[in-house]
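Biologist: I'm new to this one and would like to find my way around it. Could you put it up, and then I'll ask about what I see?

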Amino acid sequence: MSIASPETATEQPHTERGAQPLNVSVIVPVRNEAASLPALIASLRQQTFSPTEIVIVDGGSTDETAALARQLTADDARFRVIEAGAATPGRGRNVGSAAARCAWLAYTDAGIRVEPTWLARLTHEVVRDGTVEVVYGNFEPVTRTRFERAAALTYPPPKQMRPGGLMRGPSIASSLMRRAVWQRVGGFPDLRAAEDLLFMKRIVQAGCKIAWAAQATVWWQLQPTFGSTFRKFLNYSRHNVWAGQQRYWHYGLARQYLIAALFVGLALWHTRWWLLVLPLGLLARVAKSIWQRREGRGWWWACTPVQFGYVLLITLTIDAATFIGWMQAAWRTPAPNSTARTDAGQTES
């Protein structure tokens with residue numbers, strides 16, 4: 001059987017070896033995304049490999065997201081809009097996955113634009129190797145402004161060399177998997193943050209065969225200001241603590257500040273020269289962050305003073321949001337969450 005390349009995906013259908021043409025349901029959880037939804041829907045319409053259906057799950061938007069989703073997709077029978085009530089991203093994906101009609105599920109998120117060949121390149125990995133159960137694609141930050149360029153050097157994970165090439169990931173926002181995998185691992189935890197990390201950890205623990213599609217790219221909109229960055233990471237911090245994931249983020253940051261406190265103690269006890277270690281340590285941390293994400297660009301580019309200053313301030317903003325969110329999570333308890341609810345109060349159109 002000849003294998004279709006991503007570029008020719010519209011000319012001959014993707015198939016699993018010895019199976020019928022590959023049918024894919026794209027699942028998109030949304031909440032208060034009226035501003036970003038048009039770009040996402042337009043990019044899904046432009047896929048060179050057409051999904052069988054696209055399930056948009058609204059998680060209780062208080063803006064016009066649900067109505068806009070219906071308006072923008074009214075002329076395309078592939079789109080389905082489900083209102084799931086007040087739903088976390090984890091529950092939203094579960095609702096969409098349970099309602100999906102296909103054996104393969106592709107996931108992306110609001111605030112994202114997918115490249116035209118995104119789904120073609122993901123499915124190509126399944127065609128190439130019929131034993132693959134999960135495919136992870138790449139994601140790239142949108143960097144239109146100076147602030148966004150600095151943010152891209154601060155918190156998106158650096159690219160790594162994978163079997164498919166140099167890429168970021170794994171990310172649920174750029175992924176394809178058998179529906180049976182979602183069922184096997186028990187769905188997504190009903191959480192507002194870290195649900196994707198916990199879900200992907202379960203996939204590894206289940207021993208699923210994973211492939212990597214470095215060219216299957218989605219574009220991720222970063223937070224555009226210091227204020228929105230602070231609010232976003234404040235929310236992330238709280239929900240990561242509630243999910244019990246402090247050891248992967250909070251504890252490491254706390255150790256850095258405890259070491260800084262030790263040098264403050266040395267300065268008080270011995271000599272104030274020890275205080276020089278604090279700014280030097282922060283500058284080294286910022287330089288490391290930029291260097292890891294420079295993607296082949298030189299040292300002179302990496303150390304542009306204005307850019308360096310932006311990265312430093314964004315780093316401190318995220319640190320402050322992390323600690324404040326941690327304290328807020330310790331002071332109050334979230335509403336009880338189940339791990340894979342899929343049937344509470346959703347309506348479909």
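Biologist: Which exposed residues sit on the face of helix 10 turned away from its buried side?

Modeller: One caution first: this is a predicted model, where local features need pLDDT of at least 70 and side-chain atom pairs count only at pLDDT 80 or more, while totals for chains, interfaces and linings use all residues. Residues are numbered from 1 along each chain as its sequence is written, and side-chain values use heavy atoms, with hydrogens and water left out. Buried means under 20% relative accessible area, exposed over 50%, and partly exposed in between (1.4 Å probe, protein chains only). On the face of helix 10 turned away from the buried side, the exposed residues are L280 and K288.

Biologist: And how are the buried residues of helix 10 arranged around its axis?

Modeller: Helices here are DSSP runs (H or I, at least four residues), numbered from the N terminus. The buried ones in helix 10 are V286, A287, S289 and I290. Looking down the axis, they fall within an arc of 160° (taken from the directions from the axis to the C-beta atoms), so they line one face of the helix.

Biologist: What covers those buried residues of helix 10?

Modeller: Contact here means heavy atoms within 4.5 Å. By that rule the cover of the buried residues includes helix 11 (299-302) and helix 12.

Biologist: Now helix 9, how far apart are its end C-alpha atoms?

Modeller: The expected span is 1.5 Å times one less than the number of residues. Helix 9 has 20 residues (250-269), so it should span 28 Å. The model agrees, with the end C-alpha atoms 29 Å apart.

Biologist: Which helices do the buried residues of helix 9 pack against?

Modeller: H250, L253, A254 and A267 are buried in helix 9. Down the axis they fall within an arc of 120°, so they line one face. The face turned away from that side carries the exposed R255, L258, L262 and W269. The buried residues themselves pack against helix 8 (226-242), helix 10 (277-292) and helix 12 (305-331).

Biologist: How many aromatic pairs are there?

Modeller: Rings of Phe, Tyr and Trp (its six-membered ring) pair if their centres lie within 6.5 Å; planes under 30 degrees apart count as stacked, over 60 as edge-to-face and the rest as tilted. Ring pairs also link F139, Y155, W220, F233, Y236 and W249 into a cluster. By this rule the count of aromatic pairs is 15.

Biologist: Take F147 and Y310: why is the pair edge-to-face?

Modeller: Their centres are 6.3 Å apart and their planes are at 85°, so the pair is edge-to-face. F147 is in helix 5 (residues 146-152) and Y310 in helix 12, so to speak distant parts of the chain, 163 residues apart. F147 counts as buried because its relative accessibility is 8%. Y310, at 27%, counts as partly exposed.

Biologist: Which ring does the charged end of R294 sit over?

Modeller: A charge sits over a ring if NZ of Lys or CZ of Arg is within 6 Å of the ring centre and within 35 degrees of the ring normal. R162 does this over W212, 4.2 Å from the centre. For R294, at 3.4 Å from the centre, the ring is that of W291.

Biologist: Last one, how many disulfides does a search of the whole structure find?

Modeller: A disulfide would be a pair of cysteine sulfur atoms within 2.5 Å. C102 is buried at 5% relative accessible area, and C208 is buried at 8%. Searching the whole structure, the number of disulfides found is zero.

Notes
Helices (H or I, at least four residues) and strands (E, at least two) are DSSP runs, numbered from the N terminus.
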